[in-house]
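The following account leads the reader through a protein structure, from single side chains to the chain as a whole. It may be read with the sequence and the coordinates at hand.

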Amino acid sequence: MLNFSRSLPLMRARLAHLIPGLPDIRHYSRADLRPDLIAGVSVATVALPVCIAYAQLAGFSPVVGLYSAILPMIAYAFFGSSRQLIVGPDAATCAVIAAALGPLAQGDPERYHALAISLTLFTGLFCLLAGRLRLGFLADLLSRPILTGLLNGVAVSIIVGQLGKVWGVSVASKDVVGQIISLVPQLAHPHLPTLWLSLALFVLYIVLKQLRPNGPVALVVAAVAIAASFLFDLDARHVVTVGDIPSSVPRLHWPALPHEDWGSILPSAALLAFVSFSSGMLTARSFAAKNGYQIDGNQEFVALGIVDIVSALSQGFAVTGADSRTAVNDASGSRTRMAQIFAAFAILLALLLLSVPLAALPTAALALILIFSSLGLMDFKAYLTLYRVSRAECAIAAGTFAAVLILGIMPGILFAIMIALLRFLGQVARPTSYPMALADDGDFHSNLYYPEARPVPGLLVFRFEAPLIFFNASYFRQCVEQLVQNASEPVRWVLIDAHPISMVDLTGAITIMELNDALEEQGINLAFCGRQHMMEQWLQTHKFKLKGDLRHKLFSNRRAALQAWREVFPDSPPDAVSVQP
């Protein structure tokens, strides 16, 4: 009994690590019930027609879109690390699914659905594998500038995409620029019943937001829109509504997994796993930053894998974090992840009981809800902060924003990641490096910050602020040799400040050996200060030997190297090499 009582806390801690949402749900507070319930219903109000629209975009019947939201949303509440994120169908994932499966299905709807379920299952397995391999660091590619550009771009994209529904006109293009070009000529010819309804709901939204900033504004607007639809017979006035939704419950079923198509499905599943993870992590991290907590990238991979597997088993398709529904959840005042579960049950109840009223919901009301939710994602002031701190980072944010608007959300993300990676590789390939001089404090510093520092005649101290690896090793050698060649006096020692050199690969080690040999032939000693024990162990493990006296090769710090220099060259000017105690 004693052993069991001691192991019980460990078991609970382990279970909480595997299922992050379990402690929050087990110890749920009644004080959070009302705000979470309101947020869940608000999310369901938005998710119902949106899931239907995305299902049609991906080539499925409307009810499949709802199946892809109900059980996956509950699964994420238990396994996800975000308290706000709402998972479900997404435009980017739907586009990838349609592009991957369209040629394989060859116009057969049943085969298309079977392939989609198989694709979703393999996507989930890839995500689980990535979580197991701890590949959540891929989320670190999504830096703050990328997040800033993306969220502003997504917000503008959502707003522009919904303006046609508010105006009651049809927008031909799918990209933002094309939508604007298509919309502008039609602004003078709106569908008046739709426009009047939109204006009335717009005023209602503003008034309610002023009176109850944290109230269920989206829910009230949707309810008023449905009432107006019945009262004024808006369907007869050609106001576009959601339309019929069949009532049925998702059934768990193991997919067929046609093995003859695995060669085509597996690469698409790997791509879809990365796309959905990237999209979901951007949304999850942005709302986590807003609400003051952290997101675990590895756990998000695991959660997304479980969510996709659950979606496949319930006859749904691949999902990810939904930015607009997450914005509604956050703006509606949700406090815990129970809002996600309430949203799932609200969708299920609506599917079973409210199919007739939901069919009468005008899409203009939905468009207004999405527009107001998207306004909360905008933060153009962040560009000013980025500009003051780093113009390069500001350019990445602006480039991401432009890429999202011009190319689309996922191409914009990939473009931004590519630019960030190229910039990072450029910084590592050509890192900051400079010679150092002796200052009055008895240590070596850059003349940029210590203009009074003076070089020690015959001693060249060089700092290389990056790992010494294959694509910067030659640059490292060129810098050292050029400094030796351009020195005003003959160099006797080259001292490399190794403190910033966190890693040396095989190419870097060979470069050090070759540089050491070349300098030895000129009578110049190559020495290193910092990371002494690491370098000694590395040399011993890989059986590399540096020519010359090892006692004058490796030092613990710059001052120890300077003291050794004085012992070897006592004829050096005393004022130039004095070591402060």
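**A guided reading of the model**

With a relative accessible area of 4%, Phe301 is buried. This and every other value below come from a predicted model. Phe277 also counts as buried, at 3% relative accessibility. The rings of Phe277 and Phe301 form a stacked aromatic pair, with 3.7 Å from centre to centre and 5° between the planes. Since Phe277 belongs to helix α11 (residues 262–291) and Phe301 to helix α12 (residues 297–313), the pair ties together parts that are 24 residues apart in sequence.

A second pair has another geometry. The ring centres of Trp565 and Phe569 lie 4.4 Å apart with the planes at 45°, so this pair is tilted; stacking would require planes under 30 degrees apart. Both Trp565 and Phe569 are buried. In total the structure holds 17 aromatic pairs. Aromatic residues also gather in a cluster, formed by Phe462, Phe464, Tyr475 and Phe476. A further ring, that of Tyr293, has the charged end of Arg83 over it, 3.8 Å from the ring centre.

Helix α9 shows how burial can be arranged along a helix. Which residues of α9 are buried? They are Thr194, Leu195, Leu197, Ser198, Leu201 and Tyr205. Viewed down the axis of α9, these buried residues fall within an arc of 160°, so they line one face of the helix.

Arg134 is placed in the loop between α6 (109–132) and α7. Its phi is near 55°, a positive value in a residue other than glycine. At 56% relative accessibility, Arg134 counts as exposed, since the cut-off is over 50%. Asp233, in the loop between α10 and α11, likewise has a positive phi, near 50°, and is not a glycine. At 44% relative accessibility, Asp233 counts as partly exposed.

The loop between α10 and α11 also contains Val242. Leaving out residues up to four places away in sequence, Val242 touches Pro49, Ile52, Leu358, Ala359, Leu361 and Thr363. The C-alpha atom of Val242 is separated by 77 Å from that of Ala518, a residue 276 places away along the chain.

Gln315 gives another view of a loop residue. Gln315 lies in the loop between α12 and β2 (320–321). Is Gln315 buried or exposed? Its relative accessible area is 18%, and because buried means under 20%, Gln315 counts as buried. Apart from neighbours within four places in sequence, Gln315 is in contact with Val64, Tyr67, His113, Ile117, Arg251 and His253.

The cysteines can be considered next. How many disulfides are there? The count comes to zero when a disulfide is taken as a pair of cysteine sulfur atoms within 2.5 Å. For Cys529, the closest cysteine sulfur is that of Cys479, 17 Å away, which is too far for a bond. Cys529 is buried, with a relative accessible area of 0%. Cys51 is buried as well, its relative accessible area being 1%.

These local features belong to a chain of 581 residues, of which 52% are buried. The chain has 24 helices and eight strands. Along its principal axes, the C-alpha trace spans about 100 × 65 × 55 Å. Among contacts between residues at least 6 apart in sequence, 80% join residues at least 24 apart.

Notes. Residues numbered from 1 in each chain as written. Predicted model: local features only at pLDDT ≥ 70, side-chain atom pairs only at ≥ 80, totals over all residues. Heavy atoms only, no water. Buried < 20%, exposed > 50% of the residue type's maximum accessible area, 1.4 Å probe, protein only. Helix = DSSP H or I, 4+ residues; strand = E, 2+ residues; numbered from the N terminus. Arc of directions from axis to C-beta. Phe/Tyr/Trp six-rings, centres within 6.5 Å; stacked < 30°, edge-to-face > 60°. Lys NZ or Arg CZ within 6 Å of the ring centre and 35° of its normal. Contact = heavy atoms within 4.5 Å.
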